[in-house]
Structures are given as C-alpha cells and as structure tokens.
Amino acid sequence: MFAYVVKRLISGVLVVTLVSMAIFLLFWFGPSSPAQPICDRETSNRCTAAKLDIYEKTLGYDNPVYEEYGKYVKGIFVGRTLTIASNEYQCDAPCLGVSYRTKQPVKEELVSRMPATFSVAIGGAFLYLLFGVPIGVAAARRRGTVADKALVSSFLFISSIPYYLFALLTWLYLTITYPLPVVGDTGYFKLTDDPVKWFTGLFLAWVALGIFGCTQYTRFTRGAMVEALSEDYIRTAKAKGLPARTIVYKHGLRAALVPVVTIFGIDFGTLLAGTIFTERIFEIQGIGYWSLQAVQGRDLPVVQATALFSAVVLIISNLLVDVVYSVLDPRVRLS
C-alpha cells in the first residue's frame, strides 16, 4: 500500500502543476490583459494604454510567460518580493501572490477563509450520511412497497431541482418570507468567539446542503443495498438463521457502503474545495465565495490559489477513499 500511496502522491503533484500552468496560461493569453482590472481600479476606470503598459511592466506581464511562471513556482518554496502599482510587498513562502483587489497576501486570506468552508462542508457532509444512508437502507429493506416508491419519487423530485435554486428558495422562505426566530441570521461567525452564533449562522446552509445531498445518497445506498442483499453470502446467512439486523447491517451494509464511500469522497472534496452557491446565497465568507469574487474581478493570484487548493483537496480526498476501500471490502487490494 505504501508504494501505491507514493505513486498517487507523485501523480497528484503532477496534476497540481498542470492545473497551475493551465490557469496561468488562460489569464496570460486571455482576451484582455491580466493587468487591466488593477489598472482600472487604481485609476478609477481611467486606465489609458500608457498607464496599462506601466502596470504590465511592474507586474511582469511584459516578460516571457515561462519566466514569470518560474518566479511563481520559486516563490512557493522560498518566497519573493512583488511589485504592484509601485508598491513592494514581501511575500513569504509559501507565496501564492498578493491579491490585486485587496493588496493582501493570498496565503493569509486563504487560511482565514478555510474555517468557514470547512464548517459548511463538514456540517453538510454529516447530514448527507445521517439522513441519506439510513433512509436508503430502510427503502431497500422495503423494496417495492408504497413507502419505498414514495421515498424514491419524492427524493427524485428534489434532486431534479438545480441546487442553486433549491438553496435560494430555502434562504428566501426561511429568512425573508417566513423568517425563523433563531437561525434566520445567516453567515459565518467564529466558533471560538460564539459557538451558538456559529451554529445558528450555518444552520440553514447545512439544511440546504443536507436535504439536497441526502437525496442522492438515499438512492445510492438503496441501489447498493438491494444488490448486496441479493448476493449468495446473504442467502447463506439467512439459511444459517442469523438475525435480520445482523444480516442487513453487519453483512449487507458493509458491502453496500463501498460505492457510497466513492461518491462521498468526491463530494466531500468538492465541498472543501469551495461551496460557491451555498456561501454566496447564505453570505458565508468562505473559499467558494472568495473564488467567485476573484473570477469576477479577474484577480489572477486568488484564482490560481483557489484552483490549486481545490486540486490538492480533491487529490487527497480521492486517495483517502482508495485507502478506505481496502478496509470496507477485503477483496480490494491496493497495488
């Protein structure tokens, strides 16, 4: 397994490198100069060709692309000094650049927004499993009944609604139309400052993520359980006279969780990479909301940092899923 993990980590480094290069090239050879937004901002939208040329030189956009990319990679390991609008900024390693919009080190902003995104992701993922897996198991045990058909139909209806619309309706109805007395004030508040405020501010975001996400986990779990309960070893267990709960939860559920873990690993990695719609709708200042603002403002250092963070999170989550495979299913061997 150790050799497998090392190979996956090496391939992960390659993926992160390719992602950083792709983002760098997309901005560098885009339809407009990467220096245009900061030039417009610094000159109150009076950026002329001469002023733009000055900003391009100070930011290094008049140099060859490979030279600037080399400086960026070097800065990650040893740090670098950046010049923006005639101001110099010392960026310590790992240097991810300085935001063109806020003039703050990207690394510090990224770290400061991680708790909000982690809070949203962990709460939503917890509700995915808390409701999705038990309901899926219950539906599989009652396969073909009215209750099973009602659950599958209702969850299929919910999952057919675009998530951004579902989250927006949740926010509108529960904060504007019928405001809830305690949890209606959405947003992120530090857990260390006020745990109650932290919980109430994220509650509706968790509800939106949990209800919408548990629908697919119910269907995945149900399908996997139906298949697992039809296996030969389940029939053998029944013939031995084992209790129904032991057959379902000890033998059937363990096998059924393997495909569910696959989806969960990818989903959780995506949540950590940035829940853009959730954070934007519920006014949570996390990485997803921050990346959306960066794309709108063409803030290259922030876009590149969030893309790298997303790639690293997804690689690690997929690696952990592969390792958990071998624990849940002894037939799986990593090599």
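**Exercise 1.** Determine the handedness of the disulfide between Cys91 and Cys95.

Solution. A disulfide is a pair of cysteine sulfur atoms within 2.5 Å. Cys91 and Cys95 are joined in this way, with an S to S distance of 2.2 Å. The torsion about their S-S bond is about 110°, so this disulfide is right-handed. The model is predicted: local features need pLDDT of at least 70, side-chain atom pairs count only at pLDDT 80 or more, and totals for chains, interfaces and linings use all residues. Residues are numbered from 1 along each chain as its sequence is written, and side-chain values use heavy atoms, leaving out hydrogens and water.

**Exercise 2.** Decide whether Cys91 is buried or exposed.

Solution. Buried means under 20% relative accessible area, exposed over 50%, and partly exposed in between (1.4 Å probe, protein chains only). Cys91 has 6% relative accessibility, so Cys91 counts as buried.

**Exercise 3.** State how many disulfides the whole structure contains, and how the bonded cysteines pair.

Solution. The search finds 2 disulfides. Besides the link described above, Cys39 is joined to Cys47, with S to S 2.0 Å. This link is right-handed, with 95° about the S-S bond. Cys39 is buried, with a relative accessible area of 0%. When the bonded cysteines are numbered in sequence order, the pairing reads 1-2, 3-4.

**Exercise 4.** Describe how helix α5 packs against helix α10.

Solution. Helices are DSSP runs (H or I, at least four residues), numbered from the N terminus. Helix α5 covers residues 106-141 and helix α10 residues 244-273; their axes come within 10 Å and cross at roughly 150°. Axes are lines fitted to C-alpha atoms over the stretch in contact, and angles run from 0 to 180 degrees between N-to-C directions. An angle over 145 degrees counts as roughly antiparallel, and α5 and α10 are therefore roughly antiparallel to each other. Contact means heavy atoms within 4.5 Å; the residues that meet include Phe118 and Leu129 in α5 and Leu253 and Phe264 in α10.

**Exercise 5.** Classify the angle between helix α1 and helix α4.

Solution. Helix α1 (residues 2-28) and helix α4 (residues 65-78) pack at about 135°, with axes 11 Å apart. Among the residues in contact are Phe24 and Trp28 of α1, together with Tyr69 and Tyr72 of α4.

Methods: Helix = DSSP H or I, 4+ residues; strand = E, 2+ residues; numbered from the N terminus. Parallel < 35°, antiparallel > 145°, perpendicular 65-115°, else oblique.
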